[in-house]
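Subject: A structure for you to look at

Hi,

Here is the structure I promised to pass on. Have a look at it first, then read my notes below.

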Amino acid sequence: MRDVAVLGVGMYRFGMWSDVTNATMAREAGMMALRDAGLSFRDVNASYVGHIFAQVMSGVRVMKEFGLTGIPVQRIENASATGSAAFREACLQVAAGTYDVVMVLGFDKMSAMIQQSTQGTAPENMEDAILPAGFFALWATRRMHERGMKVEHLAKIGAKNFNNGALNPMSQRQADKPVTVEKVLASRMVAWPLTTMMSCPIGDGAACAIVGRADLAKKLRPDRPVVRVVASTLQSEKYAKGHLFVGPVVGPAQMSIDSSKAVYEEAGIGPEDLDLVQVHDAFAIEELEYYELLGLCKPGDAEKCIEQGDFELGGRVAVSTDGGLIARGHPGGPTGLAQIWETTLQLRGEAGKRQVKDARIGMCHMMGGGSVCVIHLLQRD
Amino acid sequence: MANPRVPIKAGYFTVPDDPNEPPKFLGTKCQSCGEHYWPRRAICARPECLSERTADVEMGPRGTLYSYTFVHLPLFGSTNLEHMDGYGVGQVDLPEGPRVQVPLAGKQGEFRIGQTLQAELDTLREDGGRDLVIIRFRPVKQSEVAQ
């Protein structure tokens, strides 16, 4: 298998962009990634496009924005993990020797999707009764019961991610002054005990990663460290007692445990070697659970570690450094690629005010409803 | 006379003729390993089993509350005034084994992990002279738990 590197990254800031098309957002993110890589679209051998809500053919149509070079274009969809799954496919193909340079492009307009679904969709599914916020609130109630978690622990995660987002110009939510635990607690209740500031927003946006042979990275940009993809996994659910089949579901918990073990083994490292981690923090309770499931702390220690600030910028291992889904945003297709964007900048030392000192290894973890878990480990030379 | 009741989606739960009779969950029992499932499925999901010998069963109507929340938004697709200020959601363990995730009747303060609940039908809206119903759970009063 050949070594794989992230050659370039680009983003179109996530937000509510009702006047901007998917094609425009995707073109700008893609051109930014090509320039970052030091490449032209002529150099791209193939493309994987990730979108959830856009209609059929959108992927191949949007790719025409870059020019009609005849390359293979393939759409990948895996709910929230769409961008991550597309990235994995590109890594596998470069590692296998199929392609040298692949463009991975994610875009979505979740705001348009929400408008459509509230305009007369018949709730013919049992699933419609339970919103994602409700589903994850059930995790929180159970955690309070089993581990004595307090709502303040969730608020602290929300505040951390808002404050990280304020240091990221690509973040959807930009707080004008530091966000406190009290402010998060006082925001509107969505599904008890989760408030709006413990939950990700709806948004639009695009993100792109150029993936290619690692030896090209050094040649194209000798001025900066090579960021390698050292492990990749995608797993679906394994049946166990108490398995949920109906409702908006990600899990079971074992899936994140198994997936993280797989990438640690592939890269020959452990969770103690990580400098920064991006997770699927659509809701603060998820981030709390993933601290333990990914091995960032021992089972039952998450609350204590939150109190100590272990996962803040400057803490033991920084989590959701760009604001996470809660602040940076979660349009759908591009979300997993925003994690790659952030981790790549961090490992190159280009993350500005939110830079993690001497960052060498980063993890990107996404869950996709249905469900799947996708994890990548990135490491700089 | 009350409207006839029809499920919002067929194949998930029973709609008894007698309004006082609680609904049951339409599930599957694996004839090879004995595992129960909701909703119905043709092939056993256990990786060690994967048997195609499955049979239809009815489960419930009682269960034990594993976790709960109260959603502060109207219930999707409902015109029932009771649902406008929000609704409870629970994960409930059926005695046969499956954990189900459905709305709960009552207010947040009435829910307690470990309590016994009973399934009931709840009307979402009227549709051409029929009541469209979903299945939900309601906490059973302490005095009635032993029954």
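Predicted model: local features only at pLDDT ≥ 70, side-chain atom pairs only at ≥ 80, totals over all residues.

Of the contacts in chain A with a separation of 6 or more, what percentage comes from residues 24 or more positions apart? It comes to 79%.

**Confidence**

For the complex, the predictor reports an ipTM of 0.94 and a pTM of 0.96. Chain B has an average pLDDT of 93, and 98% of its residues score at least 70.

**Chain A overall**

Chain A has 13 helices and 12 strands. Its radius of gyration is 19 Å, close to the 21 Å that the globule rule gives for 381 residues, so chain A is as compact as a globular protein of that length. If you draw a box around its C-alpha atoms along the principal axes, you get roughly 55 × 50 × 45 Å. And 59% of the 381 residues in chain A count as buried.

**One helix in chain A**

Now find helix α6 of chain A, residues 151–165. From first C-alpha to last, this 15-residue helix reaches 21 Å, close to the 21 Å expected at 1.5 Å a residue. Is α6(A) largely enclosed or largely open? It is largely enclosed by the rest of the structure, because 12 of its 15 residues are buried. Among them are H153(A), L154(A), F162(A) and G165(A), and two lysines, K156(A) and K160(A), are on the list as well. If you want to see what covers the buried residues, look for these helices of chain A, which are included in the cover:

- α5 (132–147) and α7 (181–186)
- α10 (284–293), α11 (302–308) and α12 (324–327)

**One strand in chain B**

Over in chain B, go to strand β6, residues 87–93.

Which strands does β6(B) pair with? One is β5(B), residues 62–71, antiparallel to β6(B) over seven bridges. In that pairing, L65(B) stands opposite V92(B). Another is β7(B), residues 99–104, also antiparallel and joined to β6(B) by six bridges. There, Q91(B) has Q101(B) as its bridge partner.

β6(B) and β7(B) also make a hairpin, with five residues between them. Check G97(B) in the turn: its phi is positive, at about 130 degrees.

Happy exploring!

Methods
Residues numbered from 1 in each chain as written. Chains lettered and ligands numbered in written order. Buried ≥ 20, exposed ≤ 12 C-beta atoms within 10 Å, placed from the backbone. Helix = DSSP H or I, 4+ residues; strand = E, 2+ residues; numbered from the N terminus. Pairing = 2+ DSSP bridges. Rg over C-alpha atoms; globule rule 2.2 N^0.38 Å. Contact = placed C-beta atoms within 7 Å. Expected span 1.5 Å × (residues − 1). pLDDT = per-residue confidence, 0-100.
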